Amino acid sequence: MEILLMQKVDRLLRLQKAGVVAVVRAETPEKAEKIADAVIAGGVTAIELTFTVPHADQVIANLSNKYADDKNVVIGAGTVLEPATARIAMIAGAEFIVSPSFNPETAKICNLYTTPYTPGCMTPTEIQAALTAGVDLVKLFPGAVLQPTMVKAVLAPFPNLSVMPTGGVNADNMADWFAAGVTLVGAGSNLTAPANHDDFAGVTAMAKEYKAKLAEIRAGK
């Protein structure tokens with residue numbers, strides 16, 4: 001059990017080191033994998049492959065195998081609504097589980113298999129429920145609605161809270177989120193937008209922009 005707990009901590013630390021989690025959605029498994037590859041090539045090494053992608057578990061398995069030797073890469077599953085999907089994702093190789101909302105049964109199965117669970121929360125009540133269920137990292141969602149001021153507000157009563165805002169995060173406002181006290185950010189449509197036109201080189205360029213901005217923020221520039 002101690003080894004498994006160390007595994008969970010290792011995954012959380014790798015997520016924190018990555019700083020940016022790319023939320024990957026696509027109409028086909030093949031396109032989703034290409035987007036993930038393009039993002040990783042640009043230096044954003046945490047991937048949240050959503051279960052809105054057809055056969056998402058197969059894509060997770062492919063990515064997990066492809067990047068098994070690169071310890072900077074962390075492959076997780078997103079849009080996980082219930083424990084059955086969470087378990088399918090974990091069997092496929094997902095190293096963390098993300099949900100748009102908090103589901104206590106999903107928290108239980110993730111705790112059982114010592115896998116980080118990051119549920120979407122919007123209110124202090126939801127945050128407290130998630131923390132009580134053993135959640136280590138809360139997804140503040142939707143970020144575009146809540147804004148960085150929400151982070152400062154919830155960190156007052158929950159000073160040990162680790163936060164990942166998702167929705168509305170981009171390279172231009174990342175600094176505001178980190179200044180407010182987030183642990184890392186989730187970036188979706190803005191980061192992967194060039195893929196709408198099958199411009200995967202453009203996705204890599206966007207990922208490089210996010211990576212460079214993160215480096216600036218962490219260097220205090």
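Helix α2 and helix α10 (residues 200-219) pack with their axes 7 Å apart, at an angle of about 40°. Axes here are lines fitted to C-alpha atoms, for helices over the stretch in contact, and angles run from 0 to 180 degrees between N-to-C directions. That angle makes α2 oblique to α10. Angles under 35 degrees count as roughly parallel, over 145 as roughly antiparallel, 65 to 115 as roughly perpendicular and the rest as oblique. Helices (H or I, at least four residues) and strands (E, at least two) are DSSP runs, numbered from the N terminus.

The model is predicted: local features need pLDDT of at least 70, side-chain atom pairs count only at pLDDT 80 or more, and totals for chains, interfaces and linings use all residues. Residues are numbered from 1 along each chain as its sequence is written, and side-chain values use heavy atoms, with hydrogens and water left out.

The crossing of α2 and α10 is right-handed. A crossing is right-handed if the near helix is turned clockwise from the far one by less than a right angle, and left-handed if anticlockwise. On the α2 side, the contact (heavy atoms within 4.5 Å) is made by Lys31, Lys34, Ile35, Ala38, Val39 and Ala41. From α10 come Phe200, Val203, Thr204, Ala207 and Lys208. By class, this contact of α2 with α10 has seven nonpolar, one polar and three charged residues. Ala, Val, Leu, Ile, Met, Phe, Trp, Tyr, Cys and Pro count as nonpolar, Asp, Glu, Lys and Arg as charged, and the others, Gly among them, as polar.

Now take α3 and α4. Their axes come within 8 Å and cross at roughly 30°. That makes α3 roughly parallel to α4. The crossing of α3 past α4 is right-handed. Asp57, Ile60, Ala61 and Ser64 of α3 meet Ile88, Ala89 and Ala92 of α4. The residues of this contact of α3 with α4 divide into five nonpolar, one polar and one charged.

Salt bridges come next. The whole structure holds ten of them. A salt bridge is a side-chain nitrogen of Lys or Arg within 4 Å of a carboxyl oxygen of Asp or Glu. One of them joins the side chains of Lys8 and Asp136, at 2.9 Å from N to O. Lys8 lies in helix α1 (residues 2-18), and Asp136 in the loop between α6 (124-132) and β6 (138-140), so the pair ties together parts that are 128 residues apart in sequence. Lys8 is buried, with a relative accessible area of 12%. Asp136 is partly exposed, with a relative accessible area of 36%. Buried means under 20% relative accessible area, exposed over 50%, and partly exposed in between (1.4 Å probe, protein chains only).

Helix α1 also supplies Arg11. Glu95 forms a salt bridge with Arg11, with the closest N and O atoms 3.7 Å apart. Glu95 lies in the loop between α4 (83-92) and β4 (97-99) and Arg11 in helix α1, so this pair ties together parts that are 84 residues apart in sequence. Both Glu95 and Arg11 are buried. A network of salt bridges links Asp10, Arg11, Arg14 and Glu95.

Lys66 pairs with Glu33, the closest N and O atoms being 2.9 Å apart. Lys66 is in helix α3 (residues 56-66) and Glu33 in helix α2 (residues 29-41), so distant parts of the chain, 33 residues apart, are linked. Lys66 is partly exposed, with a relative accessible area of 43%. Glu33 counts as buried at 17% relative accessibility.

Return to helix α1 for Lys17. Lys17 is exposed, with a relative accessible area of 55%. Leaving aside its neighbours within four places in sequence, Lys17 is in contact with Asn72 and Arg218. Lys17 and Thr45 are 28 residues apart in sequence and 9.3 Å apart in space, C-alpha to C-alpha.

Last, the backbone. A cis peptide bond joins Phe141 and Pro142, with omega about 0°. Pro142 lies in the loop between β6 and α7 (143-155). His55 is not a glycine, yet has a positive phi of about 55°. His55 is found in the loop between β2 (46-50) and α3. Gln147, also not a glycine, has a positive phi of about 70°. Gln147 sits in helix α7 and is partly exposed, with a relative accessible area of 38%.
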